[in-house]
Amino acid sequence: MTTDVIAVYPGTFDPMTLGHEDVVRRATQLFPKVIVAVAAGHHKKALFSLAERIEMARAVAEPFGGCVTVESFSGLLRDFVVARGGKAMVRGLRAVTDFDYEFQLAGMNRSLMPEVETVFLTPSDKYQFISSTFVREIAMLGGEVDKFVSPHVQQRLADKVRSLGRE
């Protein structure tokens, strides 16, 4: 491992799941600095505001110490990665269905930033089926999500569901 490689792990993280957290942990074993880049999500309707998603990601990243930072971005991911000096982009793969999209995205990113490598990481078996979409739906319908998110995120989900009057 070289000491100067910065890896960027982008996503909307709406909310951050244990699968995301596991990918962050795995990335820290490969890279000395990992930036969790929370997308403003202009193309998605997020349950949580950007500020809420950043706060949750920071709470999840805290145990990793200074090697993991959390920042937001909007616009082209390329601009964010280049501005931060990123040399690797981390992408999580859960299943074959993710691969098609991620493979195309990696090709586009290579075209936009040939100096940055895309690294695919798979979460632990117990997290491979978790998606933020499923977690949001389960929480909104009153189901338990404690097996899928950290306690902090679980509380934020419960608070959000209550605030929307969907208990």
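I began with the strands and found an open sheet of 5 strands in the order 3-2-1-4-5, with parallel pairing. I note here that the model is predicted. The edges are strand 3 and strand 5, each of which pairs on one side only.

Which strands does helix 3 lie across? I found helix 3 (residues 77-84) across strand 1, strand 2, strand 3 and strand 4, and its direction makes about 140° with strand 3.

Next I tested the length of helix 4 (residues 96-112). Its 17 residues should span 24 Å at 1.5 Å a residue, and the end C-alpha atoms are 25 Å apart, so the two values agree. I listed its buried residues as Asp98, Glu102, Ala106 and Asn109. Strand 4 (88-92) and strand 5 (117-121) are among what covers them.

I found 37 residues in the largest nonpolar core, where Phe31, Val36, Val90 and Leu157 have the most contacts inside it. Two or more residues each come from strand 1, helix 1, strand 2, helix 2, strand 3, strand 4, helix 5 and helix 6. Helix 2 gives the largest share, 5 residues. I then asked what Leu157 touches, leaving out residues up to four places away in sequence. My list reads Pro15, Leu47, Phe48, Val135, Ala139, Val145 and Val149. I also noted a second, separate core of 12 residues, with Ile35, Leu77, Phe80 and Val81 among its members.

How many salt bridges does a search of the whole structure find? The search gave me 11, and I followed up a few.

- I looked at Asp14 and Arg136, whose closest N and O atoms are 3.6 Å apart in a salt bridge. This pair links distant parts of the chain, 122 residues apart: Asp14 sits in the loop between strand 1 (6-11) and helix 1 (18-30), Arg136 in helix 5 (residues 132-140). Asp14 has 3% relative accessibility, so I put it down as buried. Arg136, at 21%, is partly exposed.
- I found Glu52 and Lys160 joined by a salt bridge of 3.1 Å, N to O. They too come from distant parts of the chain, with Glu52 in helix 2 (residues 50-61) and Lys160 in helix 6 (residues 151-163), 108 residues apart. Both Glu52 and Lys160 are buried. I also saw that they belong to a salt-bridge network with Glu55 and Arg156.
- I checked Arg78 and Asp79, which form a salt bridge with closest N and O atoms 2.8 Å apart. Arg78 is partly exposed at 29% relative accessibility, and Asp79 is partly exposed at 42%.

Is Ser131 buried or exposed? I located Ser131 in the loop between strand 5 and helix 5. Its relative accessible area is 10%, and buried means under 20%, so I recorded Ser131 as buried. Setting aside neighbours within four places in sequence, I found Ser131 in contact with Thr17 and Arg94.

Conventions: Residues are numbered from 1 along each chain as its sequence is written. This is a predicted model: local features need pLDDT of at least 70, side-chain atom pairs count only at pLDDT 80 or more; totals for chains, interfaces and linings use all residues. Side-chain values use heavy atoms; hydrogens and water are left out. A salt bridge is a side-chain nitrogen of Lys or Arg within 4 Å of a carboxyl oxygen of Asp or Glu. Helices (H or I, at least four residues) and strands (E, at least two) are DSSP runs, numbered from the N terminus. Buried means under 20% relative accessible area, exposed over 50%, partly exposed in between (1.4 Å probe, protein chains only). The expected span of a helix is 1.5 Å times one less than its number of residues. Contact means heavy atoms within 4.5 Å. A nonpolar core is a set of buried Ala, Val, Leu, Ile, Met, Phe, Trp, Tyr and Cys residues joined through side-chain atoms within 4.5 Å. Two strands pair if DSSP finds at least two bridges between them. Axes are lines fitted to C-alpha atoms, for helices over the stretch in contact, and angles run from 0 to 180 degrees between N-to-C directions.
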